[in-house]
Every structure is written in structure tokens, then in C-alpha cells.
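Trainee: Could you take me through this structure slowly, and tell me for each label what it rests on?

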Amino acid sequence: QVQLVESGGGAVQAGGSLRLSCVVSGPTSSTVNVGWFRQAPGKEREFVGGVVHGTAYYGDSVKGRFTLSRDHAKNTVYVQMNNLKPEDTAVYYCATGPYASREKSRYVFWGQGTQVTVSS
């Protein structure tokens with residue numbers, strides 16, 4: 001059984017930084033690829049980034065500002081978010097899938113989400 005638990009959300013002013021964490025547990029075969037998505041009210045769930053086999057990949061809206069990393073010893077995937085903007089306000093979810101993908105339909109297990117609010 002795969003479980004994901006996000007933490008690290010909060011409120012920050014524009015230009016600030018936050019680091020989100022996702023603790024991942026479960027079979028290695030099901031947790032090879034870990035992705036982050038976000039969903040703002042009234043909007044579709046959007047791909048933020050993912051990390052698979054030590055390689056990170058990103059959505060266009062966060063490139064150059066967000067950095068994903070994975071610490072296998074701690075079973076944790078991080079997303080360091082810098083230069084935050086009001087449009088980054090959303091609930092952020094981590095999820096696992098069998099291979100790298102930017103499509104939410106390719107992800108099988110999801111965490112409960114953590115709220116990020118960026119004020120101008």
C-alpha cells in the first residue's frame with residue numbers, strides 16, 4: 001500500500017520561499033516516479049514537477065523558480081519554491097506513478113494536499 005503525506009504549506013508574501021515535503025511509503029515499484037501537482041479554486045489540477053531516478057522535470061509555470069529533490073534515506077521528496085507569486089496559491093499534492101509523466105491521469109496514489117497561499 002502506497003501512502004503519501006505532504007507538509008510544509010503555509011502563507012507567505014510574494015517573493016518569499018517555502019519548502020514542501022512529501023513522505024513516501026510503499027513498494028519501490030509503485031513509487032519510482034513522484035510528482036507534484038497543484039490545484040487552485042475553480043481550476044484544473046496542474047503539473048508542477050516530478051522526480052524519477054534522480055532526474056527532475058518541471059511544468060512551464062514553475063521552471064527556474066521551483067526545485068525538486070528526493071532523499072531516499074528519508075523517503076521524502078521536496079519541492080523548494082522560490083520567488084513565489086500570488087498565482088502560485090493553490091493546494092499542492094504529491095502523487096506516485098510508474099513512470100515520468102506530466103499527466104495527472106498517469107498517477108495512481110495521491111496525498112491529501114497542503115495549502116500554499118501567496119499574498120501580494
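Mentor: Let us begin with a definition: the radius of gyration is taken over C-alpha atoms, and the globule rule is 2.2 Å times the number of residues to the power 0.38. Please keep in mind that this is a predicted model, in which local features need pLDDT of at least 70 and side-chain atom pairs count only at pLDDT 80 or more, while totals for chains, interfaces and linings use all residues. Residues are numbered from 1 along each chain as its sequence is written, and side-chain values use heavy atoms, with hydrogens and water left out.

Trainee: What makes the radius of gyration of the chain agree with that of a compact globule?

Mentor: For 120 residues the rule gives a radius near 14 Å, and the chain has 13 Å, so the two agree. Along its principal axes, the C-alpha trace spans about 40 × 30 × 25 Å.

Trainee: Why is Thr31 called buried, whereas Pro27 is called partly exposed?

Mentor: Buried means under 20% relative accessible area, exposed means over 50%, and partly exposed lies in between, with a 1.4 Å probe and protein chains only. Thr31 has 6% relative accessibility and therefore counts as buried, while Pro27 has 38% and therefore counts as partly exposed. Thr31 lies in the loop between E3 and E4, and Pro27 is found in the loop between strand E3 (18-25) and strand E4 (33-39). Of the 120 residues of the chain, 43% count as buried.

Trainee: Which residues does each of these two touch, and what counts as a contact?

Mentor: Contact means heavy atoms within 4.5 Å. Leaving aside neighbours within four places in sequence, Pro27 is in contact with Gln1 and Val2, and the C-alpha atoms of Pro27 and Val2 are separated by 6.9 Å although the two are 25 residues apart along the chain. With residues up to four places away again not counted, Thr31 touches Val2, Val24, Ser25, Gly26, Arg70 and Thr96.

Trainee: How do you know that there is a pocket, and what lines the largest one?

Mentor: Rolling a probe the size of a water molecule over the atoms shows where empty space is left. On a 1 Å grid over the protein atoms alone, a cavity is a set of points where a 1.4 Å probe fits but cannot get out, whereas a pocket is an open set with protein on both sides within 12 Å along at least five of seven lines, and lining residues have an atom within 4 Å of a point. The lining of the largest pocket includes Thr31, Arg70, His72 and Asn75. About 210 Å³ of space lies in this pocket, where grid points are joined across faces, edges and corners and a volume is the space filled by probe spheres set on the points.

Conventions: Helices (H or I, at least four residues) and strands (E, at least two) are DSSP runs, numbered from the N terminus.
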